[in-house]
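Hello,

Here is the structure I promised to pass on to you. Please have a look at it first, and then read my notes below.

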Protein chains: 2
Amino acid sequence: MTSNQATPPARSEPPAGTTPHTAPARTPHREPPRTTAATRATSRDVARAAGVSQAAVSLVLGDKWRGRVSATKAEAVRAAARDLGYRPNLAARSLRMGHTRTALLVVPALTTEFFARVYTGAARLAADHGFGVVLYPSPEGIGPARDPFDSASATLDGVIASSMAADALSALRHAGLPLVMLDSDPDDDRAGATVNLDIADGVRQLTTHLLTLGHRRITHLTAGVDSWTFALRASTLAETLRQTPGTQLRHHPAALGVDAGLHAAHAALTGPGPRPTALLCDDDIIAAGACKAVRRLGLRVPEDVSVTGFDDLALAVAVEPELTTVRLPAEEFGEAGMRALMAVLDGGRPESPTLPVELVTRGSTAPPPADTAPAS
Amino acid sequence: MTSNQATPPARSEPPAGTTPHTAPARTPHREPPRTTAATRATSRDVARAAGVSQAAVSLVLGDKWRGRVSATKAEAVRAAARDLGYRPNLAARSLRMGHTRTALLVVPALTTEFFARVYTGAARLAADHGFGVVLYPSPEGIGPARDPFDSASATLDGVIASSMAADALSALRHAGLPLVMLDSDPDDDRAGATVNLDIADGVRQLTTHLLTLGHRRITHLTAGVDSWTFALRASTLAETLRQTPGTQLRHHPAALGVDAGLHAAHAALTGPGPRPTALLCDDDIIAAGACKAVRRLGLRVPEDVSVTGFDDLALAVAVEPELTTVRLPAEEFGEAGMRALMAVLDGGRPESPTLPVELVTRGSTAPPPADTAPAS
DNA sequence: CGCCGCAGGTTATACGTATCACGTCCGGGT
DNA sequence: ACCCGGACGTGATACGTATAACCTGCGGCG
């Protein structure tokens with residue numbers, strides 16, 4: 001603190017009560033950038049203050065001063081930087097370095113808790129390595145199809161994209177940026193790496209759980225989204241049931257959302273043929289809607305109909321009964337994506353892990369009613 | 001996985017042979033940009049392709065060529081840019097222009113649906129104006145207290161901050177960036193503008209609804225977060241009830257989350273004195289937990305105890321009974337914040353609107369049980 | 001003695017863009 | 001005839017940073 005017009009005098013704080021009954025608050029002219037901070041300090045300012053050259057500042061602050069700057073001057077530089085509140089201009093640095101240490105995360109929509117958690121995990125790991133993450137919610141969330149690179153005001157070093165945001169992928173591919181796919185076909189050659197959740201294992205665990213309870217008529221309420229991860233749910237379920245004779249599997253298209261789940265479940269329960277005893281839903285939200293449908297038909301969960309979810313969102317324990325579901329490690333998913341991207345950026349060989357999932361057994365599943373005749 | 005080194009067949013190598021062997025592969029001088037796709041096209045490349053100067057390209061693409069470039073050449077420039085897939089280097093532009101068209105949105109945590117929707121609204125409006133939005137989830141979401149500007153890899157033009165992220169505000173204030181506060185005390189002089197939701201009106205509507213149904217003993221399950229918006233809920237509730245004689249108001253501290261709501265409601269319902277007939281919760285998630293507590297005590301919602309939420313999240317219609325709640329226009333909230341920030345950035349006088357909220361009456365409220373003795 | 005190497009610096013430069021200052025060529029007003 | 005101003009362009013420059021290239025003593029070693 002030297003000169004620089006400092007010491008803003010006490011701000012004229014009205015101490016308590018006595019609200020200014022008029023409160024004119026005129027002064028509409030224009031507050032010129034009078035208050036300090038008008039222009040940020042540059043490395044040249046720091047150099048001047050420390051009595052060295054701008055290059056020396058860059059060296060010291062970049063921690064590359066081993067045998068180039070004396071310890072005395074290095075400390076002087078650091079002190080000056082601190083005093084001036086110096087922050088490097090990231091735009092200039094990016095221009096010079098040719099990279100931005102920023103990744104783009106492409107997700108279908110952010111209002112889904114799942115992807116919010118994926119982002120959180122990715123951002124946390126990124127921050128630990130000096131990276132930033134910006135979001136590109138795909139068209140359904142943000143408006144008409146828009147170029148991802150117009151959305152990201154920073155230039156990008158790489159992209160992490162959910163397979164559910166397939167509509168944005170063509171633009172991404174064209175840009176030739178390093179790409180990490182989330183939950184995508186491992187054979188997809190667009191990606192430099194692929195991070196997956198072990199969805200198939202989750203479905204198998206869930207199915208085994210229902211089978212063990214005695215269920216034989218299972219209806220799958222699908223998300224109605226054309227993406228690899230949802231296709232995998234359906235195919236794994238079909239394959240698993242095929243190994244147990246006497247089972248019956250149906251698929252009912254729903255959509256994402258409570259209402260969609262409700263309507264699909266209603267249709268599934270009132271349709272022709274024997275009523276299913278278990279509803280396997282593509283996510284927890286659909287499952288919540290399905291539970292509502294069951295009760296509106298005068299039936300109970302789980303005594304009459306078992307319902308299962310997927311994801312283990314906060315919602316899963318907010319409804320009653322609490323949902324039996326498959327817990328997806330969302331934060332770790334985002335972390336793994338970011339880690340893979342950083343590996344690609346470092347030129348190393350990226351890992352393409354498959355993250356384990358976990359069956360969480362709660363109150364929405366039970367043995368089917370005793371009076372139910374076994375299928376066929 | 002054997003040799004990573006393999007498979008660069010015919011990488012470059014113009015196979016035309018007869019390369020002058022006097023020019024061995026050495027040439028360490030300077031790598032000319034040989035491999036097209038490796039480096040992005042610059043405005044200079046476009047200029048060369050269109051047969052004009054780089055300045056002309058900038059003029060045309062910046063739509064500032066009124067009387068400076070002929071229509072013919074302008075079209076040629078646009079064609080060349082299209083052919084080359086030219087994208088301006090945003091880092092260079094930011095450096096030159098001194099701004100980034102990027103705003104930072106500071107929220108307490110993203111995993112809450114509410115702020116995810118706020119972000120979506122802000123980002124949508126921003127995109128329409130060529131702005132981007134990056135997020136700074138506050139420490140609780142992202143890790144230990146970290147400088148917002150390390151998190152944002154782009155430099156920033158301004159900040160939109162929720163009052164719930166108060167812990168990050170000191171760093172923000174120090175930076176002297178244009179600041180728009182979300183849901184904050186209008187007298188707060190830190191902000192260039194303040195956008196509010198009409199929380200007080202929502203509380204009054206909710207309270208009137210309960211009073212009209214006949215409730216006299218109301219317990220407020222608070223979020224336990226020290227922020228202006230939650231304080232306003234409590235004070236407005238108290239003030240409203242004070243105007244109706246014979247009412248009894250208690251406050252029970254909860255926290256954000258289903259479990260917290262459950263425990264707080266349990267305590268509220270089993271505590272000393274006559275049982276409250278209505279539980280007014282600071283948000284829908286707490287309310288969902290409260291409903292669970294009611295049922296675990298062998299009581300029914302809403303016949304024995306009415307429960308109300310706040311926010312109108314997706315959760316509100318996922319639980320049964322569906323929650324009576326106050327709908328907060330989250331997307332519009334984010335939009336209004338972004339609009340105010342852009343107004344500040346344009347040097348204009350920003351509006352500081354208060355957005356209306358709406359009472360949504362659903363199944364979780366009903367008249368109190370008839371056998372309930374009036375309070376006092 | 002000559003000269004190398006190294007610590008401790010500085011100067012110059014390039015990244016890609018937007019814009020200012022400067023040219024040139026005209027047609028038209030005085 | 002002269003100058004003015006507008007249309008049409010181009011060259012130069014600066015934004016702030018990181019780093020390559022260069023410079024200067026100085027102790028040591030053949």
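**Contacts with the DNA**

A polar side-chain atom of S70(A) sits 2.5 Å from a phosphate oxygen of DNA strand C. This is a predicted model, in which local features need pLDDT of at least 70 and side-chain atom pairs count only at pLDDT 80 or more, while totals for chains, interfaces and linings use all residues. Residues are numbered from 1 along each chain as its sequence is written, chains are lettered from A and ligands numbered from 1 in the order in which they are written, and side-chain values use heavy atoms, with hydrogens and water left out.

In total, 26 residues surround DNA strand C, each with a heavy atom within 4 Å of it. They divide into 10 nonpolar, eight polar and eight charged; here Ala, Val, Leu, Ile, Met, Phe, Trp, Tyr, Cys and Pro count as nonpolar, Asp, Glu, Lys and Arg as charged, and the others, Gly among them, as polar.

**Away from the DNA contacts**

In helix α11(A), the buried residues include V258(A), G261(A) and L262(A), where buried means under 20% relative accessible area (1.4 Å probe, protein chains only).

Best wishes

Note on methods
Buried means under 20% relative accessible area, exposed over 50%, partly exposed in between (1.4 Å probe, protein chains only). Helices (H or I, at least four residues) and strands (E, at least two) are DSSP runs, numbered from the N terminus. A polar contact is a pair of N or O atoms within 3.5 Å; within protein, one must be able to donate a hydrogen and the other to accept it, and residues adjacent in sequence count only if both atoms are side-chain atoms.
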